[in-house]
Amino acid sequence: ASERQVIVFTHDIVFLTDLTGYCTAQGTHLRQSYLYRGPDQPGECIDGVPWAAMKVSSRIGRLKSWLQTAETIHRRQGSETYESEARRIYGRLRDTWERAVEEVLLNGVVIRFDHAIHTQQLNGLADITDDDIRTICEGMTKSSRFVHDQAGAVADPVPSPDELRQDINILDTWIDQVRRRRDRPT
């Protein structure tokens, strides 16, 4: 791949992640695309990697993009149509909180389906605070409320687009704070 173009087709997300990591470590340019097959089309070529293979920063970008679409739906089609889109985004927000625990809080020490435990990254874990834990628990709990079925007596309304934006920004800000805290010299 350092001398000529190589094309790899795979259905294996773990292999894709391994290949991406290897290419990055080697300094090899990597252009990634995937095929998304929706219910009404045979496949659409999309730049990037599928959600399951995305890093946290890419997921945050995707969440913000989906939020813009959800805001338009809310304005043009009303609350009922917006609700299903907001619930989907909250599900992906919850996924991103989980990935942030692996990638950011645990500093990449343990990543699901990775071949190794990255013990060299352990030194970054000494700064985990009670506020980190509280922020994660609150974010995941709130996201989960709108993913799982609720009892009829509870029936919390789905948050407005502004509140959904705030919830995405809480995660984005927390990630930024942890990364800045770990980047400073010791």
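Pro 157 sits in the loop that links H4 to H5, and in this predicted model its relative accessible area of 63% lies over the 50% cut-off, which means that Pro 157 counts as exposed. Although Pro 157 and Glu 83 are 74 residues apart along the chain, their C-alpha atoms are separated by 8.5 Å. Pairings across such a stretch of sequence can be set beside a value for the protein as a whole: among contacts between residues at least 6 apart in sequence, 61% join residues at least 24 apart.

The wider layout can be described next. The protein holds 5 helices and 2 strands, and these elements, read from the N terminus, follow the order α-β-β-α-α-α-α. The C-alpha trace spans about 55 × 50 × 25 Å along its principal axes, and of the 186 residues in the protein, 31% are buried.

Between helix H1 (13–26) and strand E1 (33–36) there is a loop that contains Leu 30. The relative accessibility of Leu 30 is 33%, and because that value falls between the limits of 20% and 50%, Leu 30 is classed as partly exposed. Once its neighbours within four places in sequence are left aside, Leu 30 is in contact with Thr 20 and Cys 23. From C-alpha to C-alpha, Leu 30 is 9.6 Å from Val 6, a residue that is 24 places away in sequence.

The helices that follow can be taken pair by pair. The axes of H2 and H3 come within 9 Å and cross at roughly 170°, an angle over the 145 degrees required, and H2 is therefore roughly antiparallel to H3. Sorted by class, the residues in the contact of H2 with H3 comprise 11 nonpolar, 5 polar and 7 charged.

For H3 and H4, the axes come within 8 Å and the crossing angle is roughly 155°, so that these helices, too, are roughly antiparallel to each other. The crossing of H3 and H4 is left-handed. On the H3 side the contact is made by Arg 87, Tyr 90, Leu 93, Arg 94, Trp 97, Glu 98, Val 101 and Leu 105, while the residues from H4 include Asp 132, Ile 133, Thr 135, Ile 136, Gly 139 and Met 140. This contact of H3 with H4 has 8 nonpolar, 4 polar and 6 charged residues.

The loop between H3 and H4 holds Asn 107, where phi is near 55°, a positive value in a residue other than glycine. Asn 107 has a relative accessible area of 18%, and because the limit for a buried residue is under 20%, Asn 107 counts as buried.

H4 also packs against H5, with axes that come within 11 Å and cross at roughly 155°. This pair is therefore roughly antiparallel, and the crossing of H4 and H5 is left-handed. H4 contributes Asp 132, Thr 135, Ile 136 and Lys 142 to the contact, and H5 contributes Glu 163, Asp 167, Ile 170, Trp 174, Val 178 and Arg 181. By class, the residues of the contact of H4 with H5 divide into 4 nonpolar, 1 polar and 5 charged.

In soluble globular proteins, nonpolar side chains tend to be buried together. Here the largest nonpolar core has 31 residues, of which Leu 63, Leu 164, Leu 171, Trp 174 and Ile 175 touch the most other members. At least two residues of this core come from each of helix H2 (56–77), helix H3 (79–105), helix H4 (130–145) and helix H5 (161–183), and H3 gives the most, with 9 residues.

Trp 174 brings several of these descriptions together, being one of the core residues that touch the most other members and also one of the H5 residues in the contact with H4. With neighbours within four places in sequence left aside, Trp 174 is in contact with Trp 97, Ala 100, Val 104, Leu 105, Asp 132, Thr 135 and Ile 136. Among these partners, Trp 97 and Leu 105 are named on the H3 side of the contact with H4, whereas Asp 132, Thr 135 and Ile 136 belong to H4 and take part in its contact with H5.

Terms used
Residues numbered from 1 in each chain as written. Predicted model: local features only at pLDDT ≥ 70, side-chain atom pairs only at ≥ 80, totals over all residues. Heavy atoms only, no water. Core = buried A, V, L, I, M, F, W, Y, C linked by side-chain atoms within 4.5 Å. Buried < 20%, exposed > 50% of the residue type's maximum accessible area, 1.4 Å probe, protein only. Helix = DSSP H or I, 4+ residues; strand = E, 2+ residues; numbered from the N terminus. Contact = heavy atoms within 4.5 Å. Axes fitted to C-alpha atoms, helices over the stretch in contact; angles between N-to-C directions. Parallel < 35°, antiparallel > 145°, perpendicular 65-115°, else oblique. Left-handed = near helix turned anticlockwise from the far one by under 90°. Nonpolar A, V, L, I, M, F, W, Y, C, P; charged D, E, K, R; others polar.
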